[in-house]
Amino acid sequence: MDAARQYDVIIIGSGAGGGTLAYNVAKSGKRILILERGDYVPREKDNWESRSVNIDGKYQTKETWQDKDGKVLHPHTNYNVGGNTKFYGSALFRLRKEDFGEIRHAGGISPAWPITYEDLEPYYTQAEQIYHVHGTRGEDPTDPGSKTPYPHPAVSHEPRIQQLSDDFKRLGLKPFHVPLGIMLDEQNRQASTCIRCNTCDGYPCLVNAKSDAQTCCVDVALTFPNVSLLTNRRVLRLETNGSGREVTKVIVDHNGTVEELSAGIVVVSCGAINSAALLLRSVSDKHPRGLANCSDVVGRNYMGHVNSVLMAISKCPNPTVFQKTLALNDFYFGSKEWNFPMGHISFVGKLDGVALSAGAPALAPGFTLDLMAKHSLDFWMTSEDLPDPNNRVTVDRDGHITLSYKPNNEEGHKRLIAKLESLMKQQSACSIHGHECHQGLFSRNLFVGQRIPLAGVAHQNGTIRFGNDPKTSALDANCKAHDVDNLYVVDGSFFPSSGAVNPALTIMANALRVGDHLLSRLQ
Ligand SMILES: Cc1cc2nc3c(=O)[nH]c(=O)nc-3n(C[C@H](O)[C@H](O)[C@H](O)COP(=O)(O)OP(=O)(O)OC[C@H]3O[C@@H](n4cnc5c(N)ncnc54)[C@H](O)[C@@H]3O)c2cc1C
Ligand code: SF4
């Protein structure tokens with residue numbers, strides 16, 4: 001192979017995992033190549049158009065997969081520089097300390113990780129700095145703790161959300177400010193990069209003020225002369241040497257042309273579903289079940305959280321612009337009545353009528369989606385789903401993806417929703433409508449809830465789990481494949497259990513940790 005195609009490190013995928021790893025290893029001076037199947041998200045007015053983003057799916061992949069029954073699945077995922085972080089809501093949570101140990105749920109056991117919270121803590125701190133996280137340490141009752149404050153002050157609540165926070169406090173709860181990765185300076189709004197708009201969660205940021213993996217990491221890594229990025233390069237498979245212990249070729253599709261590249265170290269970071277699919281497609285004599293899959297766990301234990309959006313609709317409008325500032329973790333580990341974990345309550349970005357029409361909820365006669373959206377508080381509820389080996393990614397002979405998933409551990413989630421509904425009924429009376437305000441804009445439809453369907457793979461994780469035992473895990477504690485000496489995986493697939501907070505900060509922190517391991521290996 002000619003020298004131009006040989007690298008010290010090839011990183012496949014430029015999202016939360018791959019982009020952050022590139023940032024860390026850039027300083028090694030080694031020849032590093034990032035391969036990304038998509039292109040840059042174009043900067044254009046459509047970035048902030050609800051119709052283009054939510055109805056036309058302008059930036060989503062057009063690829064289709066299938067579910068376990070063979071039904072076509074159109075995944076809500078994005079292939080571009082920065083990966084899904086270009087579209088995320090940038091709620092950047094640490095996992096709870098307890099999430100690293102074994103936890104008993106009503107639906108089964110959430111297994112322990114091979115590393116502890118203390119192992120990841122310094123990397124969480126670094127990731128919070130790199131991704132400009134705004135928050136207040138210690139407000140969250142389940143906060144795992146850190147000696148270092150957040151690098152920026154918490155993003156303030158708008159009046160309706162502040163009122164809700166006060167009401168929750170009055171009920172004895174501990175609402176807190178969501179740790180957010182946005183470049184907002186509330187002390188100097190004129191100079192602030194972020195303008196605090198209503199098109200953040202689910203949208204790319206037109207003014208590059210969202211702390212995504214491209215802006216915070218890939219762009220920085222590319223300022224080093226030893227780092228390069230090739231876009232529109234979809235990695236098809238990885239090939240090994242005769243012993244099967246070393247990846248020797250990275251086979252890439254570039255707009256229909258097949259290219260071959262090689263590197264001393266290959267890091268896969270395509271997102272949990274695509275990384276598993278890539279390893280499963282890379283079968284060979286030495287790896288008949290797929291690359292690095294002696295354990296037969298690759299593709300298995302897919303998790304994506306049990307997620308719902310719950311719209312609480314009042315007679316009074318909710319004029320909030322940037323809604324995603326408040327969260328509740330009081331029921332994360334259970335409640336007085338229910339001694340099992342329930343999960344996390346926070347917000348999605350403010351919904352509008354156009355966004356609602358994409359998954360149109362039940363509508364009361366005479367009311368428009370627009371009116372519903374103007375009067376709703378739009379909660380996001382997350383509970384932990386448990387690893388089940390039969391919830392899995394498989395590929396057929398042509399490499400097409402099937403995602404088989406049966407929901408589990410749902411009781412805690414149902415109870416979490418019931419809990420929030422009961423809390424909302426105890427809100428303080430509004431000065432115009434009294435308590436009837438919270439009894440609904442419509443006579444019966446106070447709450448409109450919707451479970452996120454299988455296609456909503458935003459929180460995908462778990463398909464290439466790490467662990468100490470090569471019989472039950474594909475990666476070791478450094479995220480190196482047990483079966484291959486130069487292969488690492490750093491996207492969300494390494495999670496052995498998913499916790500119930502958003503995953504991105506943990507993926508970023510782990511990529512920094514693996515990056516440090518690679519820096520010493522490269523020396
Ligand atoms: C709308 C939305 C909102 C979200 N909000 C939040 C939030 O508020 N907080 C939070 O923590 N998380 C949030 N998430 C989830 C978060 O974005 C993901 O957890 C995170 O981006 C996953 O990182 P990753 O590295 O595993 O994969 P990704 O970031 O998806 O990166 C994978 C990359 O690999 C590339 N790729 C895939 N296959 C190949 C291939 N064969 N060859 C080359 N390249 C390939 C992809 O194009 C992509 O760039 C949200 C996600 C979405 C979609
Ligand atoms: S300007 Fe701020 S609120 Fe608006 S999309 Fe960008 S980061 Fe999000």
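**Helices and a ligand**

Modeller: Let's begin with H1 and H5, which are oblique to each other (under 35 degrees counts as roughly parallel, over 145 as roughly antiparallel, 65 to 115 as roughly perpendicular, the rest as oblique). This is a predicted model, where local features need pLDDT of at least 70 and side-chain atom pairs pLDDT 80 or more, while totals for chains, interfaces and linings use all residues. Residues are numbered from 1 along each chain, chains are lettered from A and ligands numbered from 1 in the order written, and side-chain values use heavy atoms, without hydrogens or water.

Biologist: At roughly what angle do the axes of H1 and H5 cross?

Modeller: Roughly 40°, with the axes of H1 (residues 16-25) and H5 (residues 213-221) coming within 8 Å. Helices are DSSP runs of H or I, at least four residues, numbered from the N terminus. Axes are lines fitted to C-alpha atoms over the stretch in contact, with angles from 0 to 180 degrees between N-to-C directions.

Biologist: Left-handed or right-handed, when H1 passes H5?

Modeller: Left-handed, meaning that the near helix is turned anticlockwise from the far one by less than a right angle; clockwise is right-handed.

Biologist: And how do H1 and H10 cross?

Modeller: The axes of H1 and H10 come within 8 Å and cross at roughly 40°. That makes this pair oblique, too, but the crossing of H1 and H10 is right-handed.

Biologist: What about H3 and H10?

Modeller: H3 (residues 117-130) and H10 (residues 504-522) have axes that come within 8 Å, crossing at roughly 110°. H3 and H10 are therefore roughly perpendicular, and their crossing is right-handed.

Biologist: New topic: which residues come nearest to ligand 2?

Modeller: Cys 194, Ile 195, Cys 197, Cys 200 and Cys 205, out of 13 around ligand 2 (near means a heavy atom within 4 Å).

Biologist: How does that shell divide by class?

Modeller: Ten nonpolar, one polar and two charged residues. Ala, Val, Leu, Ile, Met, Phe, Trp, Tyr, Cys and Pro count as nonpolar, Asp, Glu, Lys and Arg as charged, and the others, Gly among them, as polar.

Note on methods:
Helices (H or I, at least four residues) and strands (E, at least two) are DSSP runs, numbered from the N terminus.
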